[in-house]
Amino acid sequence: MNKKAHLQKQLLAWFDAHRRVMPWRAAKGKTPDPYHVWLSEIMLQQTTVAAVGPYFLKFVKKWPTVEKLAAAGLDDVLAAWAGLGYYARARNLHKCAGAVVKEFGGKFPDTEEDLIKLPGIGPYTAAAISSIAFNRPAVAVDGNVERVVSRFFAIEEPLPQSKDNIRAQAARLAKDNPRSSDFTQGFMELGATVCTPKKPKCASCPWQKSCAAHRLGIAEDLPRKARKKQKPVRYGRVFWIENKSGEFLIEKRAGKGLYEGLYQLPTTDWTNDAKARRKNHDKRLRFKRLGADVRHSFTHFDLLLEIWTARAGAAFKPGKARFVSAGDLENYALPSLMRKVVKMCLHSKTA
Ligand code: SF4
């Protein structure tokens, strides 16, 4: 047996013994459901396994097939997604379900070439679905695989420059493997549970004897990363406007871009100029500043919002906005940032 086949055998034996049970993962020896694989892969982009679990279960209960998801209203999908973040994923998820039904009769295509043409599916997700759901020889390199490969070959070049090299090495390890689905999942699982970012558990690793970083004692230092640029800060105000029934005002976010189609508490624009936030929502209302501000980190900027509160009298006209109670919120797609503000405002009333 050559070295690569031996490494594959070691990883598969380890995966067979240690695979975690996950709501979207087929039981050992069973065929995965492509709808479950796709849904979980989209949800797992930039989100942890622990956070995704309840959302995945909610989605498959509400929409057990891709046809049912395609037939759902976008507002319902966004409301069910609320809190998972990166809402373009939810809009693309809905579009993709529609495309699978319309163009492929409700059956996911099995090749990377066809999968990548669908909305919201990039090279990594196409490879993951093709390999995990259809056992095709595709190589899906996520952050876990990147870490394992960087260490196994002791790649010292920092990320992201080393990405092509890592991909090529991962492809070499995965080549000519009849159990592509299990190998891909095992590769990711090894990174998630054994070859962890801090304190890798090399003593429990099936590849310990062949691992260059372990031999050199530099496992925890890899992968090296190029230093990140500091993110800019944007500023603004967010408004808690409450009526005499204790309900508060929310509105659908207008325009394209961030949070498109989601609900929010009224806010000013978010700008780089700290002074520009000194503007209130409605001149007829008397606003008071809440003691605490809210901070939120987006991929490309950090946000600092002052929270201002006001009471709306009977004469106040909400226009296109609406008053809702805290109990109504599950029917609205309110992003985590806004949920944080609601929680802070409700808490300030009882404090
Ligand atoms: S031996 Fe250690 S560093 Fe090398 S792959 Fe295994 S867990 Fe990672």
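Let's start with the ligand: the space it takes is the largest cavity. A cavity here is a set of points, on a 1 Å grid over the protein atoms alone, where a 1.4 Å probe fits but cannot get out. A molecule sits in one if more than half of its atoms lie within 2 Å of its grid points.

A word on the source. This is a predicted model, where local features need pLDDT of at least 70, side-chain atom pairs count only at pLDDT 80 or more, and totals for chains, interfaces and linings use all residues. Residues are numbered from 1 along each chain as its sequence is written, and side-chain values use heavy atoms, with hydrogens and water left out.

Which residues are around the ligand? They are Arg 151, Val 194, Cys 195, Cys 202, Cys 205, Gln 208, Cys 211, His 214 and Ala 219, with a heavy atom within 4 Å as the cut-off. The shell has 6 nonpolar, 2 polar and 1 charged. Cys counts as nonpolar, Arg as charged.

Now the loops. Ala 154 is in the loop between H9 and H10. Ala 154 is not a glycine, yet its phi is positive, about 50 degrees. Pro 160 is also found between helix H9 (143–152) and helix H10 (163–174). A cis peptide bond joins Pro 160 to Leu 159, with omega about 5 degrees. Helices are DSSP runs of H or I, at least four residues; strands are E, at least two.

Another cis peptide bond links Leu 222 and Pro 223; omega is about -5 degrees. Pro 223 lies in the loop between helix H12 (212–216) and strand E1 (233–242).

Conventions. 1 Å grid on protein atoms, 1.4 Å probe; cavity = no way out; pocket = protein on both sides within 12 Å on 5 of 7 lines; lining within 4 Å.
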